[in-house]
Amino acid sequence: MGDNVAQKLIGSHLVGGDMTPGEEIALAIDQTLTQDATGTMVMLELEAMELESVKTELSAQYVDHNLLQTDYRNADDHLFLRSACRRFGVWFSKPGNGISHAVHMQRFGRPGRTMIGSDSHTPAAGSLGMLAIGVGGLEVAMAMAGEPLYIRMPQIWGVRLTGELPPWVSAKDVILEMLRRHDVKGGVGRIIEYHGPGLASLSAMDRHVMANMGAELGATTTVFPADDEIRRFLATEEREADFTQIVADDDAGYDVTDEIDLGDLEPLIAAPSSPGNVVPVRDVAGRPITQVVVGSSANPGLRDFGIVAMIVDGHQTHHRVSFDVNPASRQTLENLGQMDLFMPLVHAGARVHQAGCMGCIGMGQAPASGQISLRTFPRNFPGRSGTDDDQVYLCSPETAAASALTGAITDPRDLPETLGIEYPTFRLPRKTVVNTSMLEAPLSPDAAVKEELVKGPNIVSLPEFDELPDELEIPVLLKVGDNISTDEIMPAGQRVLPFRSNIPTISQFVYYQVDDTYVERAERASEAHGGHVIVGGGNYGQGSSREHAAIAPRYLGLRVVLAKSYARIHWQNLANFGILALEFTSDDDYELIGRDDVLRLTGLREALESGSGQIEVSNASKDMTMVLRHRLSERQVEMVLAGGLIPVFREALARERSS
C-alpha cells in the first residue's frame, strides 16, 4: 500500500519512534509561527532557556491579536516582541500587517515543510501541503531551540470529496458539515486528509478555511495535497519557486474514511455556543440580528471578502445591523482596492477595522447584550465575544452578506427572489498585489547578540515552579463538566489579554467566568495545603492553544487535574508546566468526587516512574480509593516530576555546555 500525504510529510521528518497510531513520535520542525497573545510567553521562555539564536529554517512572529491600544500594555508588548525577534533571529510582522495564518500562507508557507505554532489554528497551513500543528508556546520555544516535536502518532482520516459546490455554498459549509457530522471531539487523535476529485474545484484559500477549522474538530492537524492549485497560488504570490508537488500515492490507504459530495451541501450555520452545534441555515432563518462580522483566520481569502462585496454592491445593509469587516491582511485589503471591491463594502455600510483578529479573540466588536451576531469566525464559545450573554452564530461569507442585507438570519439562496441578487461569479486574479513592506527580516547572528530585550513595566519574567512533591494532600477547588474550553479557564478579550506577559496579574482572571471565587480559594489552598486539584469532564481544555490556561492555574497552586479526557494541546501544556493530568477509568469515579473533597496521592515518584500508567488516589473526605491512569511518556514523566519542561531543558543545556 502506498503512502498518503500525511504519511509522506511525517515520514520525511521522523527522527524518533515509529508511525504506529498512539505511539509517541519525534518530528524535526522546519518553521515556527507565534502570535502576540502567546508569543510574548515564547520569547520569555527563550530568555529563561538562555537561548542564543533560533535554529529553525524560519521562525515568524506576528502581531495580530492584541491590536487595541487603550493604554501602554499592548504597545509595550509590541516593542518587546520586536526586540525579541531581533535578539533571537525571528521574522517580525508589524501590527496591522494581518492575521498570522493568512500572512504566513502568503509569504512563508512551503509545501513539504513542517511547522508548529503557538496558535491552535496553525493547521491552516496544511492547505499548502504542509504538516502544521498547533501546540503550546513552550513546545514552540523548544523547536526554535532545535529540539524535535513529540506527539502521539495520529490516525489518518481520509475524507474523499466528490462533486462541486453549488451556488451560495462555499468552503465554510464543507467544514461546518464535518462538524455537523462529528462534533468538536470527532477529530481527536487524528489528522484529517482531504482527497478525491472534488479538490479540483477548491482554491488554496478554500482549503485554508477547511484546514483552519479542523482545529474545532479536535484534530491534530489537517493536510491537503500540494497540487496544481497550490502551484497557481504560489505563483500569484510571486513564490512559484517554493512549490514542491506532494500528492498521495494512487494506492494510498487511510485508517478512517469518510466521503462528502460537495454538490449535496446546503448553507449551514453553527448556533450558540459551540462550533459543533451545526444546523441548516433554513432551520434558524428569520431570527433578527444586530451584527455581522466578516473576516477572520477561518475566512481570510480574497474571495471571502470579494464575494461579500459583490453581494452587497449597490445595497445598504439593514438599519439594525452593524456590518463589520476585518481584513485578513493588509495585502488582501490592497487587492480588494485594486479589484474595485473595497468601495462597495464601504458604500454598503461596512465598518472597516484593522487587519487582524479583532473580534474573533474578543478584542473589540463585542455584540449587543443578548443579541444575535453572525460571524465568519472559527469559534463561538460562551462569552468569547466580550459579551457575557452573547448569541454568536458561525457561518459562510454568503450567509453573512445575505443576513446583513435583510437584518435576519437568511439562507442566501433566497436572495434572487427576495432582493433580486443573483449569485455573483468571483474570479481570482492571475496576478495580485504583493506587499512585504511590513515584514522585518531577522538580523545577522553577530548583530542579534547585541540586541537588548525591551521590557515595559507589564512584562514579567516567567515564574519558577518547584518539583512535584512525592506526596500531596490537597482539596478539590473546582469541578466542571464536558468540553470546558481554554477560553473558560483563561479568558481572552480586551480586559484580560493585555496581561499575557504578566503571569501574576493574569492569574487573577483564571476561571472567573465559571466561578469568581476560584482565585481567592486557590490562593488560600496554596498557603494551607501546598496546592489544589481541579476535576473536569470529557475533552477538558478544548479550543485555543494558549498555555496561560496551564501556567496561570499552576501559579495559583494547581498540581493535579482529574478528567474523563483531555484536548491534545492543553494536556501537553499541563505536562509542560509540571501539572499532573490523570484520567478517570470510569465515569462513576468522576461522579464520586465533589468540590472541597480532600484527595491524597502518595508515592507519586515511584508510581510515575514505574511505567504502569496508574496512580492511586484516596478521597480522604469520603474514605474511598480509586485508581486513575495517565498517558505520559517517560519524557513527559521526567518533565512533570521536575516541575516542567524548562528546568529539564536548562539542565540538559548545562550538561552540554560543560562537556
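Colleague: How many bridges join β3 to β4, and do they run parallel or antiparallel?

Modeller: Five bridges link β3 (residues 31–35) to β4, and the two strands run parallel. Bear in mind that this is a predicted model.

Colleague: OK. What stands opposite Leu-33?

Modeller: That's Ala-60 in β4.

Colleague: And is β4 mostly covered or mostly open?

Modeller: Mostly covered: β4 spans residues 58–62, and five of its five residues are buried. Leu-58, Ala-60 and Tyr-62 point one way, while Ser-59 and Gln-61 point the other way, and all are buried.

Colleague: Which strands make up the open sheet, and in what order?

Modeller: The order is β1-β2-β8, three strands with antiparallel pairing. At the edges sit β1 (14–16) and β8 (149–152), each pairing on one side only. From one strand to the next, the twist averages 45 degrees.

Colleague: How many bridges are there between β1 and β2?

Modeller: Two, joining β1 to β2 (residues 24–27) in an antiparallel run. Leu-14 stands opposite Leu-27 of β2 there.

Colleague: Switching to helices. At what angle do α4 and α7 pack?

Modeller: About 140 degrees, with the axes of α4 (residues 100–107) and α7 (residues 204–212) 12 Å apart. That makes α4 oblique to α7, because only angles over 145 degrees count as roughly antiparallel.

Colleague: Is the crossing left-handed or right-handed?

Modeller: Right-handed, as α4 passes α7.

Colleague: Which residues meet there?

Modeller: From α4 you have His-101, Ala-102 and Met-105, and they meet Ala-204, Met-205 and His-208 of α7.

Colleague: How much of α4 is buried?

Modeller: Eight of its eight residues are buried.

Colleague: Last topic, the core. How many residues are in the largest nonpolar one?

Modeller: It has 134 residues, and those with the most contacts inside it are Tyr-511, Tyr-518, Tyr-540, Leu-562 and Leu-601. Helix α2 (residues 36–49) gives the most to this core, with seven residues.

Colleague: What does Leu-601 touch?

Modeller: Leaving aside residues up to four places away in sequence, Leu-601 touches Asp-470, Glu-471, Leu-472, Val-560, Leu-580, Leu-582, Ile-615, Glu-616 and Val-617.

Colleague: And what's in the second core?

Modeller: That one is separate and has 45 residues, including Ala-309, Leu-341, Ala-350 and Ala-400.

Conventions
Residues numbered from 1 in each chain as written. Predicted model: local features only at pLDDT ≥ 70, side-chain atom pairs only at ≥ 80, totals over all residues. Heavy atoms only, no water. Core = buried A, V, L, I, M, F, W, Y, C linked by side-chain atoms within 4.5 Å. Buried < 20%, exposed > 50% of the residue type's maximum accessible area, 1.4 Å probe, protein only. Helix = DSSP H or I, 4+ residues; strand = E, 2+ residues; numbered from the N terminus. Contact = heavy atoms within 4.5 Å. Pairing = 2+ DSSP bridges. Axes fitted to C-alpha atoms, helices over the stretch in contact; angles between N-to-C directions. Parallel < 35°, antiparallel > 145°, perpendicular 65-115°, else oblique. Left-handed = near helix turned anticlockwise from the far one by under 90°.
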